[in-house]
Amino acid sequence: ELQRKFKQAKMMSMKWIDAMQYIHFVQLVSFIMLLTYAAMIDLRTRTIPDHIPMIIILIGLIDMEPVSAVLGLILVPLPYFIMALLKENSIGGGDIKLMGACGFYLGLQVGYVASILGLLFAIIIYLAYSVIGSKKMTKSIPLAPYLGAGCLIAPFIVS
C-alpha cells in the first residue's frame, strides 16, 4: 500500500514538473514574441506601446523571485530614467518602461547584464553605420531591438 502511494505521488510530481516545463516554455516564447513586437514597432514609430511592458510584467509573475524581480523593476531602468531627466530627448519613456519590465522578468542581475549588452549592441551598430555610411546619424535610434537582443542573450551569460 505504501509503495503504491509513493508511486502515485512520484507520478503526480512528474506531471507537475512536466506542466511547469511547459509553462516556462510558453513564458519564454511569449517574452521573445513581445520583445520582437516591441522592436518592430520601435523601428517603425520610435515608440513602444505601454501594453508591451505590462504584459511582460504579467508573464514575469509566473514563478518569480520576488526580491530580485522588484529590485529589477526599480533599479534596471534607473540609469535610463536619470539620463532622460538629465538630457531632453535622449531616452524615451517606452525604453525606460521596457527595461523596467525586463528587469522584473529577468531579475536584477540578469537585467543589468541585458541592459549593458543591449546598449553595447546599439553603440556597435551606430559606430558601424557611421564608419560604413561615413556620416553621423541625425535622428534618434530605436533602442528596443538592441535592448531586446540583450535581454535574450543575458540569461545565457549569467546562468
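Which residues does Ser 115 touch, not counting residues up to four places away in sequence? Val 76, Tyr 80, Met 99 and Leu 147. The model behind this answer is predicted.

## Overall fold

The chain holds seven helices and zero strands. With a radius of gyration of 19 Å, well over the 15 Å that the globule rule gives for 159 residues, the chain is more spread out than a compact globule. Its C-alpha trace spans about 80 × 30 × 25 Å along the principal axes.

Of the 159 residues, 32% are buried. The accessible surface is about 10300 Å². Carbon and sulfur atoms account for 71% of that surface.

## Helix α5

Helix α5 covers residues 93–106. It has 14 residues and reaches 20 Å from its first C-alpha to its last. That is close to the 20 Å expected at 1.5 Å a residue.

Is α5 enclosed or open to the surface? It is largely enclosed by the rest of the structure, because 12 of its 14 residues are buried. The buried set includes Gly 94, Gly 100 and Gly 103. Also in it are Ile 96, Leu 98, Met 99, Phe 104 and Tyr 105. Just after α5 comes Gly 107, with a positive phi of about 95 degrees.

## Helix α6 and Ser 115

Helix α6 runs over residues 108–133. Its 26 residues reach 37 Å from first C-alpha to last, close to the expected 38 Å. Its buried residues are Val 110, Gly 111, Ala 114, Ser 115, Leu 117, Gly 118, Ala 122 and Ser 130. Their cover includes α4 (78–86), α5 and α7 (144–158).

Ser 115 lies in this helix. Why does Ser 115 count as buried? Its relative accessibility is 6%, and the cut-off for buried is under 20%. Met 99, one of the residues that Ser 115 touches, is itself a buried residue of α5.

## A nonpolar surface patch

Seen from outside, the chain shows a nonpolar patch formed by Tyr 22, Ile 23, Phe 25, Val 26, Val 29, Met 33 and Ile 62. Together these residues have about 630 Å² of accessible area.

Ile 23 is found in helix α1, which spans residues 2–45. Its relative accessible area is 32%, so Ile 23 is partly exposed. In an α-helix there are 3.6 residues a turn, so residues three or four places apart point the same way. Within the patch, Phe 25 and Val 29 are listed along with Val 26 and Met 33.

Most residues other than glycine have a negative phi. Where do the exceptions Arg 46 and Asp 63 sit? Arg 46 is in the loop between α1 and α2 (51–60). Asp 63 lies in the loop between α2 and α3 (66–75).

Arg 46 has a positive phi of about 60 degrees. For Asp 63, phi is near 55 degrees, again a positive value. Arg 46 is partly exposed, with a relative accessible area of 33%. Asp 63 counts as exposed, at 55% relative accessibility.

Key:
Residues numbered from 1 in each chain as written. Predicted model: local features only at pLDDT ≥ 70, side-chain atom pairs only at ≥ 80, totals over all residues. Heavy atoms only, no water. Helix = DSSP H or I, 4+ residues; strand = E, 2+ residues; numbered from the N terminus. Expected span 1.5 Å × (residues − 1). Buried < 20%, exposed > 50% of the residue type's maximum accessible area, 1.4 Å probe, protein only. Contact = heavy atoms within 4.5 Å. Patch = residues over 30% accessible without salt bridge, like charges linked within 9 Å, V, L, I, M, F, W, Y side chains within 5 Å. Areas by Shrake-Rupley, 256 points an atom, 1.4 Å probe, with all protein chains shown as cover. Salt bridge = Lys/Arg side-chain N within 4 Å of Asp/Glu carboxyl O. Rg over C-alpha atoms; globule rule 2.2 N^0.38 Å.
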